[in-house]
Amino acid sequence: MISEKQLSNTLSILVAVVAIAACAQLSISLPERVSVAPITGQSLAVLVAAHLLRRRNATIAVLIYILLGAIGLPVYSDFSGGWELAMGKSSGYLIGFLIAALVVGNMADNKNQRFKHYFLQLTVGHLIILLCGGIGLLRFLDIGEAFSLGIKPFLPGGLVKIILGAILLSTYRRFMLLINLDK
């Protein structure tokens with residue numbers, strides 16, 4: 001018999017997978033001379049899910065997302081999927097999603113939940129994703145190109161996503177506190 005907690009965890013994981021896939025479709029394509037991949041909302045969804053679901057469930061959600069895309073389901077940006085994409089130039093970013101989910105999910109266990117803590121968590125998560133993405137690109141590009149095409153173009157959007165994510169988490173926290181006060 002499935003417990004209420006197991007059902008809640010399973011549903012949370014599924015919602016996170018859908019959110020990551022949906023945010024992957026929020027995509028801004030850049031010319032190949034500027035970036036190796038489009039700017040998407042994936043990292044925002046991964047990091048917010050990591051905070052809300054914590055380390056274990058967020059990591060499971062990200063792993064399911066990556067596997068669904070790898071087997072060909074159109075969950076990656078621009079409704080794409082397939083083994084070639086999962087193992088191609090985006091592979092480092094996908095690995096970064098997993099590591100960031102672990103780290104940010106672990107950081108979220110900290111009881112100090114304020115905007116500055118969310119901002120720090122999301123900044124660390126984005127840096128992990130970009131670093132892993134850059135390292136993954138070293139299979140295809142030299143170090144200068146990996147930085148200029150795989151990290152640098154994502155810094156401004158990353159800052160926007162960090163701020164947006166911190167605002168979302170702060171608002172969510174306040175909403176949950178309000179609900180708990182009404183009980």
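How are α2 and α4 oriented relative to each other: roughly parallel or roughly perpendicular? The tour of this predicted model begins with that pair.

**Stop one: the helix pair.** Select residues 42-70, which form helix α2, together with residues 91-107, which form helix α4. Their axes approach within 7 Å and cross at roughly 115°. Angles of 65 to 115 degrees count as roughly perpendicular, and α2 and α4 are therefore roughly perpendicular to each other. The crossing of α2 and α4 is left-handed. Colouring the contact of α2 with α4 by residue class gives 15 nonpolar, six polar and two charged residues.

**Stop two: Gln121.** Next, select helix α5, residues 115-137, and locate Gln121 within it. Is Gln121 buried or exposed? Its relative accessibility is 2%, and because buried means under 20%, Gln121 counts as buried. Now display the surroundings of Gln121: leaving aside residues up to four places away in sequence, Gln121 touches His51, Val104, Met107, Ala108 and Gln113.

Finally, select Cys23 and Cys132. Cys23 has a relative accessibility of 18% and so counts as buried. Cys132, at 15% relative accessibility, is likewise buried. How many disulfides does the model contain? With a disulfide taken as a pair of cysteine sulfur atoms within 2.5 Å, the count comes to zero.

Definitions and conventions:
Residues are numbered from 1 along each chain as its sequence is written. This is a predicted model: local features need pLDDT of at least 70, side-chain atom pairs count only at pLDDT 80 or more; totals for chains, interfaces and linings use all residues. Side-chain values use heavy atoms; hydrogens and water are left out. Buried means under 20% relative accessible area, exposed over 50%, partly exposed in between (1.4 Å probe, protein chains only). Axes are lines fitted to C-alpha atoms, for helices over the stretch in contact, and angles run from 0 to 180 degrees between N-to-C directions. Helices (H or I, at least four residues) and strands (E, at least two) are DSSP runs, numbered from the N terminus. Angles under 35 degrees count as roughly parallel, over 145 as roughly antiparallel, 65 to 115 as roughly perpendicular and the rest as oblique. A crossing is left-handed if the near helix is turned anticlockwise from the far one by less than a right angle, and right-handed if clockwise. Ala, Val, Leu, Ile, Met, Phe, Trp, Tyr, Cys and Pro count as nonpolar, Asp, Glu, Lys and Arg as charged, and the others, Gly among them, as polar. Contact means heavy atoms within 4.5 Å.
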